[in-house]
Amino acid sequence: METTYPYQSDQDQGQLTTGLLAALTTSGYPGEPPLLEELGINFKHISSKTLAVLNFRSSKNLSEETLQDADLAGPLIFCLLFGTFLLLSGKTHFGYIYGVALFGTTTLHWLFKLMSNNNNDVANGGLDFLRTASVIGYCLLPLVILSGLAVLVSLDNTLGYVLSVFTVFWCTFASSGFFVRVLSLSNARPLVAYPLAMFYSVFALMAIFVEKTS
């Protein structure tokens, strides 16, 4: 008589495949969610948020599930890319990047919590620290592009200043759109955008004005 297990349904009574190839894959029991999804990494949400920033759509066309997903995979990748591009242009400032990011994210989080006029309970759509860090990190992408451009050409000139102003506006526009929707604020986008613009301006200064190491 075949023995069944509690985690197996009537239709899914399969077994794990064996062998070296199976050990190197993420396959599991039938109906089991993928390993990356269990770890909180959803590539569909990452691509949706990234395209929302790149297309100037902010959060308008994002689903509520995607908007509430406080994943940090994308932001960490963007921070690493930003630091790597600065390193390639002769600037070793990984410590400054993470220091400014941590201090700025903490400050902005508490500021937006004070500005929020909705229930701060996360389960009811409130704002938590991870969600703040996720939004700020995704909207750093335009500055990553700027730092990549700085590897190829010098931005310490009029063209670089114009591009930096445009990039800061781009980051501010995208991030303020996210926060206005998350916080359910109306007619308050300029107030949300002002501290965000100050925050992203620091990263723009790193990409342009910081002296290169010898």
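This is a predicted model: local features need pLDDT of at least 70, side-chain atom pairs count only at pLDDT 80 or more; totals for chains, interfaces and linings use all residues.
Q: Is L163 buried, partly exposed or exposed?

A: Burial is read from relative accessible area, with buried meaning under 20% and exposed over 50%. L163 has 26% relative accessibility, so it counts as partly exposed.

Q: Which residues is L163 in contact with, leaving aside its neighbours within four places in sequence?

A: Those partners are L146, L149 and L155.

Q: Let me step back. How many helices and strands does the protein have?

A: Ten helices and zero strands. Reading from the N terminus, the order is therefore α-α-α-α-α-α-α-α-α-α.

Q: What share of the protein's residues is buried?

A: Of its 214 residues, 40% are buried. As for the surface, the protein exposes about 12400 Å², and carbon and sulfur atoms supply 65% of that area.

Q: How much of the contact count comes from residues 24 or more positions apart?

A: Among contacts with a separation of 6 or more, such pairs account for 71%.

Q: How many residues are in the largest nonpolar core, and which have the most contacts inside it?

A: First the general idea: in soluble globular proteins, nonpolar side chains tend to be buried together. Here the largest nonpolar core has 43 residues, and F82, F112, L143, F179, Y200 and F203 have the most contacts inside it. Several helices give two or more residues to this core, including helix 5 (73-88), helix 6 (94-115), helix 9 (158-183) and helix 10 (189-208).

Q: What does Y200 touch, not counting residues up to four places away in sequence?

A: Its list is V135, I136, C139, L140, L143, V168, C171, T172 and S175.

Q: How many aromatic pairs does the structure hold?

A: There are seven aromatic pairs. A pair of aromatic rings is described by the distance of the centres and the angle of the planes. Take F78 and Y138: their ring centres are 6.0 Å apart and their planes stand at 80°, so this pair is edge-to-face. It links distant parts of the chain, with F78 in helix 5 and Y138 in helix 7, 60 residues apart. F78 counts as buried because its relative accessibility is 9%, and Y138 counts as buried at 1%.

Q: What are the distance and angle for the rings of F199 and Y200?

A: The centres are 5.2 Å apart and the planes are at 70°, so this pair is edge-to-face. Both F199 and Y200 are buried. Ring pairs also link F82, F199, Y200 and F203 into a cluster.

Q: Which residue lies over the face of F173?

A: That is R189, at 4.5 Å from the ring centre.

Q: Which side chains meet in a salt bridge?

A: The count comes to one salt bridge. The side chains of R131 and D128 meet in it, with an N to O distance of 3.8 Å. R131 has a relative accessible area of 6%, so this residue is buried.

Terms used. Residues are numbered from 1 along each chain as its sequence is written. Side-chain values use heavy atoms; hydrogens and water are left out. A nonpolar core is a set of buried Ala, Val, Leu, Ile, Met, Phe, Trp, Tyr and Cys residues joined through side-chain atoms within 4.5 Å. Buried means under 20% relative accessible area, exposed over 50%, partly exposed in between (1.4 Å probe, protein chains only). Helices (H or I, at least four residues) and strands (E, at least two) are DSSP runs, numbered from the N terminus. Contact means heavy atoms within 4.5 Å. Rings of Phe, Tyr and Trp (its six-membered ring) pair if their centres lie within 6.5 Å; planes under 30 degrees apart count as stacked, over 60 as edge-to-face and the rest as tilted. A charge sits over a ring if NZ of Lys or CZ of Arg is within 6 Å of the ring centre and within 35 degrees of the ring normal. A salt bridge is a side-chain nitrogen of Lys or Arg within 4 Å of a carboxyl oxygen of Asp or Glu. Accessible areas come from the Shrake-Rupley method with a 1.4 Å probe; for residues, only the protein chains shown count as cover.
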